[in-house]
Amino acid sequence: MTEISLPKSVTAAAGTNIALVKYWGKRDAALNLPAAGSLSLTLANLGSETTVRFAPDAGGGDGRDCVLFAGAPADPKFAARVQRFLDLVRTRAGFRLPAEVATTNTVPTAAGLASSAAGFAALALAASRAAGLRLSAAELSELARRGSGSAARSIFGGFVEMSAGTRADGADAVARGLLDEKAWDVRLCVAITAEGPKAIGSTAAMERTALTSPYYQGWLSSVPADLDQARAAIAARDLAALGAVAERSALRMHACAMAANPHILYWNPATVAAMSSVKALRTGGTSAFFTIDAGPHVKVLCGAADAPRVEAALAVTPGVMRVLVLAPGQGAHIVNEN
Ligand code: DP6
């Protein structure tokens with residue numbers, strides 16, 4: 001490939017995703033291979049948009065990548081992670097050109113909701129296209145996984161399953177779409193319970209869990225049955241069955257992390273209060289189910305018609321600062337290419 005054939009710049013967007021069967025642990029850190037499968041819902045209106053350009057003069061002409069986040073130079077740790085990811089794309093494309101990367105999040109970043117999932121899914125698509133590569137969805141998922149395990153799922157819209165794979169090279173550790181974003185009208189209501197970044201990032205937390213939690217093997221061995229049940233519930237559009245799996249998976253993941261040494265506890269009092277609100281909703285006849293990621297926010301799965309009732313119940317829960325109501329969204333896609 002010659003530089004002449006490269007597009008000037010490519011902009012891609014991706015929605016974040018929330019796991020209903022959690023990913024928590026790796027079988028290979030270098031290739032970022034998950035130790036078990038996972039299953040998620042990709043969301044609309046909560047994601048990242050990334051523009052990438054490879055050129056000899058990109059990044060100010062000193063031969064180094066330039067990484068902008070929300071219009072300003074990205075923090076050095078994030079920039080280094082992006083550069084390592086771009087190296088994968090450059091190796092695959094067979095060139096060494098520097099890049100300009102500009103990322104914006106459609107996520108209230110201060111709330112600690114910004115996920116690497118949407119960011120690396122958008123970057124995988126934008127960077128590979130800007131490098132002149134045309135990757136299949138499975139290849140994009142594999143590439144996105146190198147940036148962040150959960151990003152492999154945001155390549156696809158709607159309900160998505162990620163395989164742990166068995167191959168040492170990770171070619172089968174990719175996601176696939178189960179049900180597109182229009183096929184089942186559910187909502188995810190996000191109760192924001194704190195501002196600021198999370199206490200410990202998921203990469204470090206899952207490593208500590210794997211090394212020190214006595215429950216880690218038990219957690220891993222519980223995932224395949226949860227995946228089977230979640231897949232069947234999605235096929236049958238059975239919200240109660242899917243919700244039961246989602247709550248169980250989240251609680252097992254957190255129990256496993258809490259048992260690490262030092263312990264990993266993401267919850268605050270409002271997290272627990274929001275969980276109680278969800279249980280009270282169910283007692284009152286509303287089909288709603290919680291999940292919690294590596295942070296204190298509570299995400300509640302429900303049918304579209306019940307979302308206003310769920311939103312109202314969460315909004316009056318002590319300690320809940322605000323509630324976002326999100327619909328299923330499409331997978332990573334190109335916004336602009338020239
Ligand atoms: C709790 O995908 O952020 O959100 O692969 O190390 O980047 P890395 O981890 P990451 O972990 C996500 C953890 C989780 C559960 C999930 O999304 O499945």
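Contact means heavy atoms within 4.5 Å. In this predicted model, local features need pLDDT of at least 70 and side-chain atom pairs count only at pLDDT 80 or more, while totals for chains, interfaces and linings use all residues. Residues are numbered from 1 along each chain as its sequence is written, and side-chain values use heavy atoms, with hydrogens and water left out. Helix α6 (residues 239-258) lies across β10, β11 and β12. Helices (H or I, at least four residues) and strands (E, at least two) are DSSP runs, numbered from the N terminus.

**Sheet and covering helices**

- An open sheet is formed by 4 strands in the order β11-β12-β10-β13, with antiparallel pairing; two strands pair if DSSP finds at least two bridges between them.
- The edge strands, each pairing on one side only, are β11 (288-291) and β13.
- From one strand to the next, the twist averages 25 degrees.
- Strands β10 (residues 186-192) and β12 (residues 298-303) are joined in the antiparallel sense over 6 bridges, and C189 has V300 as its bridge partner in β12.
- Helix α6 runs at about 25 degrees to β11; angles run from 0 to 180 degrees between N-to-C directions, and axes are lines fitted to C-alpha atoms, for helices over the stretch in contact.
- Helix α7 (residues 269-283) also packs on the sheet, where it touches β11 and β12, and its direction makes about 160 degrees with that of β11.

**Helix pair α1 and α3**

- Helix α1 (residues 76-93) packs with helix α3 (residues 137-147) at an angle of about 145 degrees, their axes being 9 Å apart.
- R81, F85, L88, V89 and R92 of α1 meet E139, L143, A144, R146 and G147 of α3.

**Cysteines**

- The whole structure contains 0 disulfides, a disulfide being a pair of cysteine sulfur atoms within 2.5 Å.
- C302 is in no disulfide, and the nearest cysteine sulfur, that of C189, is 4.1 Å away.
- C302 counts as buried because its relative accessibility is 0%; buried means under 20% relative accessible area, exposed over 50%, and partly exposed in between (1.4 Å probe, protein chains only).
- C66 is partly exposed, since its relative accessible area is 25%.

**Loop residue Q330**

- Q330 is placed in the loop between β13 (322-326) and β14 (333-337), and its 43% relative accessibility makes Q330 partly exposed.
- Apart from neighbours within four places in sequence, Q330 is in contact with G15, T42, G157 and E181.
- The C-alpha atoms of Q330 and A191 are separated by 22 Å, the two residues being 139 residues apart along the chain.
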